[in-house]
Amino acid sequence: QVQLVESGGGLVQPGGSLRLSCAASGSIRNIYTMGWYRQAPGKQRELVAALTSGGRPNYADSVKGRFTISRDNTKNTVYLQMNSLTPEDTAVYYCNADLQAQGMDYYRHYWGQGTQVTVSS
């Protein structure tokens with residue numbers, strides 16, 4: 001069984017920083033893309049940033065220059081460093097991975113449980 005476990009959310013003042021972490025565990029064969037999505041109240045879930053196993057990043061326009069995604073493939077862990085946070089970044093942040101479990105011949109999406117990020121003074 002595969003699990004994605006996030007950590008690092010919380011309350012931060014505007015202009016502050018947070019670092020999110022997400023570790024994938026279980027019977028994993030391969031991981032292709034790991035990334036972060038977010039969902040604010042009343043809005044659809046949206047991509048924040050993603051990173052392929054080859055190191056190619058993809059960022060939402062709204063976070064470019066402020067957020068940095070990184071990954072430790074030896075630990076099956078992805079990080080999101082968030083700087084210059086604004087109230088508009090307030091949302092539940094979800095970790096996502098496209099991975100192949102042991103015994104499977106295809107990749108599928110897996111999701112974490114979500115971690116709340118609140119930016120407020």
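Ala 97 stands opposite Tyr 110 in strand S10. This is a predicted model. Strand S9 covers residues 91–101, and strand S10 covers residues 108–111. The two strands pair in the antiparallel sense. Four bridges hold the pairing. Together S9 and S10 make a hairpin, with six residues between them. Gly 103 sits in the turn and has a positive phi of about 85 degrees.

Asn 96 also belongs to S9. Is Asn 96 buried or exposed? Its relative accessibility is 3%. Buried means under 20%, so Asn 96 counts as buried. The side chain of Asn 96 reaches the backbone oxygen of Tyr 110 at 3.5 Å.

## The four-stranded sheet

Now to the open sheet. Four strands form it, in the order S1-S3-S8-S7. The pairing is antiparallel. Which strands stand at the edges? They are S1, residues 3–7, and S7, residues 67–72. Each has a single partner strand, so one side of each is left without a neighbour in the sheet. From one strand to the next, the twist averages 15 degrees.

## Strand S8 and its partners

Strand S8 spans residues 77–82. How much of S8 is buried, and why is it described as largely enclosed? Five of its six residues are buried, so the rest of the structure largely encloses the strand.

S8 pairs with S3 through six bridges, and these two strands run antiparallel. Leu 18 stands opposite Met 82 of S8. S8 is also joined to S7 by six bridges, again antiparallel. Ile 69 has Leu 80 of S8 as its bridge partner. Arg 71 stands opposite Val 78 of S8.

## Strand S3 and Cys 22

Strand S3 runs over residues 18–25. Cys 22 lies in this strand. With 0% relative accessibility, Cys 22 counts as buried. Trp 36 is 14 residues from Cys 22 along the chain. The C-alpha atoms of Cys 22 and Trp 36 are separated by 9.1 Å.

## Two loop residues with positive phi

Most residues other than glycine have a negative phi. One is Asn 76, in the loop between S7 and S8. Its phi is near 50 degrees. S7 and S8 form a hairpin with four residues between the strands, and Asn 76 takes its positive phi there. Asn 76 has a relative accessible area of 25% and is partly exposed.

Ser 84 is the other one, with a positive phi of about 50 degrees although it is not a glycine. Ser 84 lies in the loop between S8 and S9. At 41% relative accessibility, Ser 84 counts as partly exposed.

## Gly 15, an exposed loop residue

Where does Gly 15 lie? It is in the loop between strand S2, residues 10–12, and strand S3. At 55% relative accessibility, Gly 15 counts as exposed. The cut-off for exposed is over 50%. Asp 105 is 90 residues from Gly 15 along the chain. The C-alpha atoms of Gly 15 and Asp 105 are separated by 44 Å.

## The largest pocket

Rolling a probe the size of a water molecule over the atoms shows where empty space is left. The largest pocket of this model has a volume of about 160 Å³. Which residues line the largest pocket? Its lining includes Arg 38, Gln 39, Ala 40, Lys 43, Gln 44 and Glu 46. Pro 87, Glu 88, Thr 90 and Ala 91 are also part of the lining.

How do the residues of the lining divide? Three are nonpolar, three are polar and four are charged. Among the charged ones are Arg 38 and Lys 43.

Definitions and conventions: Residues numbered from 1 in each chain as written. Predicted model: local features only at pLDDT ≥ 70, side-chain atom pairs only at ≥ 80, totals over all residues. Heavy atoms only, no water. 1 Å grid on protein atoms, 1.4 Å probe; cavity = no way out; pocket = protein on both sides within 12 Å on 5 of 7 lines; lining within 4 Å. Points joined across faces, edges and corners; volume = space filled by probe spheres on them. Pairing = 2+ DSSP bridges. Axes fitted to C-alpha atoms, helices over the stretch in contact; angles between N-to-C directions. Buried < 20%, exposed > 50% of the residue type's maximum accessible area, 1.4 Å probe, protein only. Polar contact = N/O pair within 3.5 Å; in protein donor to acceptor, adjacent residues only side chain to side chain.
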